[in-house]
Amino acid sequence: GQHTTHVSATDTMGAFTLLPRGIILSIILTASVASGQNAPKAKEKEMTPGKYRSLAEASLSERKYDEAEKFYNMAIRLEPDNAGNFYKLFKLHRRMRKLEDALVDLGRALILQPDDIQYKRARSKILLSLGRCDQALIDVQDVGRIQKQDEPELEDISRCAFEVEQATNAFMREDWTEAAQYLDTVIPRTEKAVDLMYMRAKSALGMKDYYGAVSDTGRILKMDGSHIDAFQVRGEAYTRLAEHEMAVKHFREGLKFDPEHKGCKAGHKFVKKIMKYDKKGNDANDSKQYKEAINFWWQAINHDATHIYFVKDTLPKIVKAHSKLGEHTKAIEEANKLVKVEESVTALYVLGDAETEADKFDEALRTFRRALEIAASEEDKQSAQRKVKEAEVALKQSKEKNYYKILGIPRNADKKQVKKGYKDMAMKWHPDKNPDNAEEAEKKFTEVAEAYEVLSDPELRGKYDRGEEVFENQGGQQRRPNAQHFFHQNFGQQFHQRRQHQGGGGQRFHFRHG
């Protein structure tokens with residue numbers, strides 16, 4: 001028949017030397033679980049605390065921290081009154097950067113050996129790493145009492161405890177600046193002071209240092225990914241930076257842990273409302289419904305007029321929309337509001353562009369020169385210099401022949417706008433439509449054709465915008481295109497169809513060129 005072989009725990013440990021360590025650990029773990037559930041108590045005692053500690057240290061040497069943790073816990077289960085077991089587990093948890101667990105281990109060890117100096121010193125260091133300087137101070141003072149002499153760290157830890165107390169008091173009375181000053185001196189001496197970092201993040205938010213709040217809450221969430229209040233503060237900081245998508249993301253993450261969290265719910269609702277109006281404004285603007293766009297954007301701004309970053313992002317869009325509507329006075333008025341919020345290079349560009357669209361070239365030139373004065377970076381200086389040069393050219397052209405004005409289009413008009421401007425103005429000044437004003441019509445009609453010839457050609461337009469001579473080798477004579485031929489080549493058929501539809505007729509005028 002079949003033979004059953006019984007192997008004792010002693011025999012098993014002797015045979016382990018013939019097996020790879022990974023298999024040994026697997027056998028021991030499986031046997032331990034089985035002994036805890038099914039095996040008699042006598043067999044469980046065959047594995048001693050010392051053997052479990054040996055296995056834990058072997059795992060530790062191979063950086064198999066989870067296995068080491070299991071073996072130490074098995075040793076503790078068999079020998080719960082041995083403070084040394086808890087101390088070994090503490091050292092493992094400290095190595096794993098599980099400082100809260102390490103603190104618990106030392107607490108259990110000190111229950112068994114209340115006056116152990118080594119344990120108290122170790123706990124004071126963990127407490128200091130966690131920013132709990134007042135508790136660390138108690139342990140250091142106890143060590144001094146036991147030894148009858150003060151520890152060298154006593155003065156530093158006392159100062160830390162004082163600074164944390166001062167920071168906490170300032171934080172409670174919402175003196176954000178003072179709280180941040182004390183926290184800035186304490187936090188660098190800690191390792192995982194989540195509570196102190198949260199206080200500094202909240203203080204940064206109160207001081208409108210939004211990037212500082214984002215930085216500290218980011219560190220907190222790396223240490224504790226379920227810190228709901230950190231998600232709220234980070235969401236609020238991103239909101240104030242007008243990074244609304246990121247704000248929504250963080251509020252939602254916080255609500256995953258607590259769907260009824262008041263701060264995250266309120267922050268999420270606030271941001272979504274602004275985003276709704278902003279999107280409606282953008283959609284209306286894309287559809288060239290500029291008045292509607294302006295109205296939606298103002299609704300978004302008025303949801304919280306103190307939301308400065310959003311105001312700085314949105315006012316330029318409102319200014320451009322007014323310019324496109326030909327409401328130049330209003331555009332300049334809104335642009336000046338932006339400059340009052342913050343006189344930056346970007347804000348001055350918005351104002352200068354609005355003044356240029358309004359043909360206020362002298363004012364635009366002054367505005368761009370001011371931008372050049374305050375430009376700090378080399379990139380901004382170069383950009384402002386280009387703006388000044390363009391304004392100088394525009395001012396010069398305004399006193400001569402302004403092709404953009406002739407076609408009734410903005411200086412940043414695209415090809416479609418150029419073509420439409422030419423068509424509208426050519427139709428307006430076509431000689432057949434102005435029989436009673438033939439001389440002026442001929443002059444205007446020719447200027448319209450010349451303007452279109454320049455602005456529809458990228459090379460000629462580039463020269464014109466840079467203030468260079470557009471038509472060369474003309475012997476000093478001004479360029480005069482064959483306006484009639486140019487027009488009929490592009491729009492002649494449309495023009496005659498329109499005249500026939502309107503019942504027009506009569507004499508057709510032809511210009512003499514030369």
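This is a predicted model: local features need pLDDT of at least 70, side-chain atom pairs count only at pLDDT 80 or more; totals for chains, interfaces and linings use all residues.
C264 is buried, since its relative accessibility is 0%.

**View 1. The disulfide between C133 and C160.** The structure contains one disulfide. Its sulfur atoms, from C133 and C160, stand 1.9 Å apart. C133 is part of helix α9 (residues 133-147) and C160 is part of helix α10 (residues 154-172), so the bond ties together parts that are 27 residues apart in sequence. C133 is buried at 0% relative accessibility, and C160 is likewise buried, with a relative accessible area of 1%.

**View 2. The stacked aromatic pair F231 and F257.** The whole structure has 10 aromatic pairs. Helix α14 (residues 228-240) carries F231 and helix α15 (residues 244-257) carries F257, so the pair ties together parts 26 residues apart in sequence. F231 is buried at 7% relative accessibility, whereas F257 is partly exposed at 45%.

**View 3. The tilted aromatic pair Y403 and Y464.** The two rings lie 4.7 Å centre to centre, with 35° between their planes. Y403 lies in helix α23 (residues 403-407) and Y464 in helix α26 (residues 458-465), so this pair ties together parts 61 residues apart in sequence. Y403 and Y464 are both buried.

**View 4. An aromatic cluster of Y87, F90 and Y119.** Ring pairs connect these three residues.

**View 5. Lysines over tyrosine rings.** K312 places its charged end over the ring of Y309, 4.7 Å from the ring centre. K387 lies over the face of Y349, at 5.4 Å from the centre of that ring.

Notes
Residues are numbered from 1 along each chain as its sequence is written. Side-chain values use heavy atoms; hydrogens and water are left out. A disulfide is a pair of cysteine sulfur atoms within 2.5 Å. Helices (H or I, at least four residues) and strands (E, at least two) are DSSP runs, numbered from the N terminus. Buried means under 20% relative accessible area, exposed over 50%, partly exposed in between (1.4 Å probe, protein chains only). Rings of Phe, Tyr and Trp (its six-membered ring) pair if their centres lie within 6.5 Å; planes under 30 degrees apart count as stacked, over 60 as edge-to-face and the rest as tilted. A charge sits over a ring if NZ of Lys or CZ of Arg is within 6 Å of the ring centre and within 35 degrees of the ring normal.
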